[in-house]
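Subject: Structure handover

Hello,

The sequence and the structure are placed just below. My notes on what was found follow them.

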Amino acid sequence: MNTPQLVVHHDKELMAQAAAARLITKIVDAQASRGTASVVLTGGRNGNGLLAALAAAPARDAVDWGRLDLWWGDERFLPEGDPERNVTQAREALLDSVPLDPERVHAMPASDGPYGTDVEAAAEAYAAELAKAAGPENHGPVPAFDVLMLGVGPDTHVASLFPELPAVRETERTVVGVHGAPKPPPTRITLTLPAIRAAREVWLLAAGEDKAEAAAIALSGAGEIQAPAAGAYGTRRTLWLLDSAAASQLPRSLYPPASP
Ligand SMILES: O=C1O[C@H](COP(=O)(O)O)[C@@H](O)[C@H](O)[C@H]1O
C-alpha cells in the first residue's frame, strides 16, 4: 500500500475543476505514451461534479475521446435509463457531449438487461468483461486502469463497498452483487477491493461537511472492513482530493496549511 497524498481545495467547485484538469492531463499523458487510456468513473455528487467540470473545461478537446476506455466502480442495479443509475448521470454530466467510442464505454448491466434481475450473473458478466480487457502485462483479471475514481460516502463507503457488508470482505472475485445496501437502492454491483487495487492511480473524492468525519476516520488508520475508503489504494498512487469542509476534521499533520 502506498501512503495517500492529500490535496485540499478551498471549495467543492474548485475541487471539481482542479480534479477535472488533473484528469485531462492524465488521460492525455496515457494516450501519448500507450495510445489509449482507461478511467474508472464513480457515481455520487462529487464524481458527477467532476464530470460536469470536465464538460465545461475548454481543455477537454485535448482528449482523444475515441481512444478512452470508461469503466464504472459501481452501479445501482436499476432499469436502463433510470435517473438514479450512475451511468445515466454520467451521460448527462459529460458522456453525451463528447465523441466516445460506444464499444469502449463499459457500463455495468441494468436490471432489465440480459441478466434480468439476477445481480450475481450481472456481476459475473462484468468481471468477464474486465478479464477480457486485461492484458498479460496486467498480472490478473483486471486492467491496470490509469485512474480509478471513488466518491467517499459519509459512512466511508466507496463504490458500493459499505462498512461490514460481505462485498468489502471479498478477496477473490473482482466484481460482486450487493444486497441490502444501507443507501438506496439496496441492490448494486461493485468492484471489490482487489479490483480497485489493480489501478495505477486511485483518486478518492470528498467534498462537503458531511464527508469530514469519513475522511478523518479513513485517513487515521481505520480498518477497511469498518471503513472501506481506507482499503482503496492504487499500485502507483493514492490521492485524496478534498475541499476544506471535508478536510476540516483531519489532523493538520496530514496536509500542509492552506495559503492565507
Ligand atoms: O451511491 C453511491 O454513493 C457514493 C458516494 O456518493 P456521494 O453522493 O455521497 O458523493 C458513490 O461513490 C457511488 O458511486 C454511488 O453509487
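How much of the chain over residues 11-240 is helix and how much is strand, and how far apart are the end C-alpha atoms? Over that stretch the chain is 30% helix and 16% strand, with 14 Å between the end C-alpha atoms. The range comes from UniProt, where an unreviewed entry lists residues 11-240 as "domain: Glucosamine/galactosamine-6-phosphate isomerase". UniProt positions are given in the numbering used here, feature names are shortened, and annotations may be inferred rather than shown by experiment.

Before the details, some ground rules. This is a predicted model, in which local features need pLDDT of at least 70 and side-chain atom pairs count only at pLDDT 80 or more, while totals for chains, interfaces and linings use all residues. Residues are numbered from 1 along each chain as its sequence is written, and side-chain values use heavy atoms, with hydrogens and water left out. Helices (H or I, at least four residues) and strands (E, at least two) are DSSP runs, numbered from the N terminus.

Strands around S9

Strand S9 covers residues 237-243, and six of its seven residues are buried. Buried means under 20% relative accessible area, exposed means over 50%, and partly exposed is in between (1.4 Å probe, protein chains only).

S9 has two partners to report here. Strand S1 (residues 5-9) runs parallel to S9 and is joined to it by five bridges; valine 7 stands opposite leucine 241 in S9. Strand S8 (residues 201-206) also pairs with S9 in the parallel sense, over six bridges, and there tryptophan 203 stands opposite leucine 239. Two strands count as paired if DSSP finds at least two bridges between them.

S8, helix H6 (residues 212-218) and S9 make a right-handed β-α-β unit. Right-handed here means that, with the strands pointing away from the viewer, the path from the first strand over the helix to the second runs clockwise.

Pocket and cavity

Both were found on a 1 Å grid over the protein atoms alone. A cavity is a set of points where a 1.4 Å probe fits but cannot get out, and a pocket is an open set with protein on both sides within 12 Å along at least five of seven lines; lining residues have an atom within 4 Å of a point. Grid points are joined across faces, edges and corners, and a volume is the space filled by probe spheres set on the points.

The largest pocket holds about 350 Å³ of space. It is lined by 18 residues, of which Ser38, Asp69, Ala133, Asn138 and Pro143 are the closest to its centre. Strand S2 (37-41), strand S3 (68-72) and helix H4 (119-133) each supply at least two lining residues, and H4 gives the largest share, three residues. By class, the pocket lining has five nonpolar, five polar and eight charged residues. Ala, Val, Leu, Ile, Met, Phe, Trp, Tyr, Cys and Pro count as nonpolar, Asp, Glu, Lys and Arg as charged, and the others, Gly among them, as polar.

The structure holds one cavity of 30 Å³ or more, and the largest cavity has a volume of about 60 Å³. Among its lining residues are Leu23, Val39, Leu51, Trp65 and Leu70. Helix H1 (12-34), S2, helix H2 (44-56) and S3 each give two or more residues to that lining. The cavity lining has 11 nonpolar, no polar and no charged residues.

Backbone points to check by eye

The peptide bond from proline 184 to proline 185 is cis, with omega near -5°. Proline 185 is in the loop between strand S6 (175-178) and strand S7 (188-191).

The loop between strand S5 (147-151) and S6 contains threonine 156. Threonine 156 is not a glycine, yet has a positive phi of about 75°; at 4% relative accessibility it counts as buried. Alanine 159 lies in the loop between S5 and S6, and has a positive phi of about 50° although it is not a glycine. Alanine 159 is buried, with a relative accessible area of 7%. Glutamate 170 is also placed in the loop between S5 and S6, and is buried at 15% relative accessible area.

Alanine 32, in helix H1, is exposed, with a relative accessible area of 69%.

Regards
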